[in-house]
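Here is a short report on contacts, domains and confidence. Look over the model first.

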Amino acid sequence: MTAFLQLDQVSKAFGAITVAEDLSFEVQSGQALGVIGPNGAGKTSMFNLITGTLAPNSGRIMFDGTDITRDGAAKRCRAGMARSFQVPQPFSGMTVFENAMIAATQAGGLHGKEAEQFCIEVLDQTALLDRANTLAGGLTLLGRKRLELTRALCARPKLLMLDEIAGGLTEAECTSLVQTIKDIHARGVTIIWIEHVVHALLAVVDKLMVIDFGRKITEGDPHTTMESPEVQEIYLGIAADA
Amino acid sequence: MTPSDFHVTRSSSVTKIAAVLGLLILIILIAAPYWAGRADMRLMGELFLYLALASLWNLMAGYAGLVSVGQQAYVGFGGYMLFALTMFGGVHPIGAIVIAGFFGALIAVPVALLIFRLRGAYFAIGTWVIAEVFRLSFAQVSVLGGGSGSSLPVGIVRSLSSSRAGREHLSYWLALASAVIVIAAVYFFLRSRNGLALTAIRDNELAAGSLGIDIWRTKFVVYIVTAALTSMIGALIFLQKLRISPDAAFSVNDWTAFVIFIVVIGGIGTIEGPIIGTLIFFALRETLADLGTIYLMVLGVVAIVIMLKAPKGIWGLIRTRFDVELFPLSYRVKHSQTAQKD
């Protein structure tokens, strides 16, 4: 079985700063991969490389059986990947509903009434329906994070990429978010999720990858990986043999 | 409250009233030859042409983010095409206007491929340079009068209508039609799926690209269509002026600076903005024109004050305060029970 998403020795550097170094990994269809790593480890850059916002210096990216290394962000999105941005990027002058409609009509391939009804359903799921007519620029941080998720879902992706979507949420909000993501995963959507809120991540993912300095440190079963010496060292600064 | 209780509507009572009023005003304006004097009709004709130019510049700069200061390239190009096609091609002036639009689109393709490599301020400067290249090129064409320009032969003018009144009415209606067609085209485009994508590009290019919108292609289409329509309006402008010269045809002041003024004070990135801006611009011009240079200084002061106090223009101010729009572009999600009470 070939992987749904495959990165093959992908490297990217800005001058002396390396954001990805020989990064290789695979995600199988229907899998949920969690990604952790310290700040500045290159997690968001990895997303930018996968979605096409950044072009790699070398390496190859395969998605759904096709080489997409040279494709732009828009083409990759239409091929079935959608992301949320860590720093929310709303269409500020448009309403929440219009933000959702763009994703549904452009990336999701829906039209007319069908698109409208689908957006309403997603907004209900992400608890933004009562703010549907609010200008996106007027949302709170939580609202903007929810809007990021809404847009990604309205794009009807085969691969959903979430970038620190749980950061800054209260415990109750986090629980409901985890449930939403679980539901989406249960429908067969492949997920890659970057998150610092580890307990939220562990509730969903079936594989965990750790990256630092743009390199893959380790990957495997979520709980085993969390307890591995490499992770302990990165997060707690304890030498492995201490 | 389940999702099925909600529905989406695009029109409101305000947009319905605006549509009825708009239609009434249009009928009154079409009948202008029966109630307006010759000078008034000439002024209104000019106003409509500026309204069309401003709406096009607004679509390009306000929505697609293509801040061009070189649209005079297409106004002048269209004007010269009219003269060349009627004088040497024997084409009827009305037909020449349409063909000028086609050629405008054609020449805009290589121009776009060149200047789309530039970003932000460099793009703006690039468009101006291109317009200067157009001006200098047409000044070299001696059959069109070179640097001193030429006049439209009487025979061609007569082919529009044998009487002077007939010509004046026709050119008034053509100007009115151009404004109506441009505003309608902009409206229907923005209301479509592609228009929604263009509005998204206006707000956030990074997110737009990540949601599957082909930014380059969308901007390219907007630039080419704008160039075609601007060329047609240029042809119409010089059909009314009856005389063309490189300096008048490619004037950055007349065809770009005033147009930017109109869009900025009216409200950039809205359909209503250019309409309000055009009315204000002509009101100022008609009251201050006798003051000479002071008139231009007043325009500058008005522009600066509005940019400081209302960066989104007069319509932007009204829209944020009252949450209204005259053209039904936005989507409103309503609860079905409350909607029934409307």
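Start inside chain A, in this predicted model. Nine residues of domain 1 of chain A contact eleven residues of domain 2 of chain A. Contact requires C-beta atoms, placed from the backbone, within 7 Å. On the domain 1 side, α2 (73-78) and α6 (171-186) of chain A each give two or more residues. The largest share, three residues, comes from α6(A). Helices (H or I, at least four residues) and strands (E, at least two) are DSSP runs, numbered from the N terminus.

The two touching sides compare by residue class as follows.

| Side | Nonpolar | Polar | Charged |
|---|---|---|---|
| Domain 1 of chain A, touching domain 2 of chain A | five residues | two residues | two residues |

Nonpolar means Ala, Val, Leu, Ile, Met, Phe, Trp, Tyr, Cys and Pro; charged means Asp, Glu, Lys and Arg; the others, Gly among them, are polar.

Domain 1 of chain A spans 1-80 + 158-242, and domain 2 covers 88-156. These bounds come from an automatic or database domain assignment. Their C-alpha centres lie 24 Å apart.

Now the chain contact. Chain B gives 24 residues and chain A gives 32. On the chain B side, β1 (6-9), α9 (193-203), α10 (205-210) and β4 (332-335) each supply two or more residues. α9(B) provides the largest share, seven residues.

Mean pLDDT (the predictor's confidence in each residue, from 0 to 100) is 88 for chain A. In that chain, 97% of residues reach 70 or more. Helix α9 (residues 229-236) of chain A is lowest, at a mean of 77. Strand β8 (residues 190-194) of chain A is highest, at 93.

Residues are numbered from 1 along each chain as its sequence is written, and chains are lettered from A and ligands numbered from 1 in the order in which they are written. Local features need pLDDT of at least 70, side-chain atom pairs count only at pLDDT 80 or more, and totals for chains, interfaces and linings use all residues.

Note on methods. Two residues are in contact if their C-beta atoms, placed from the backbone, lie within 7 Å.
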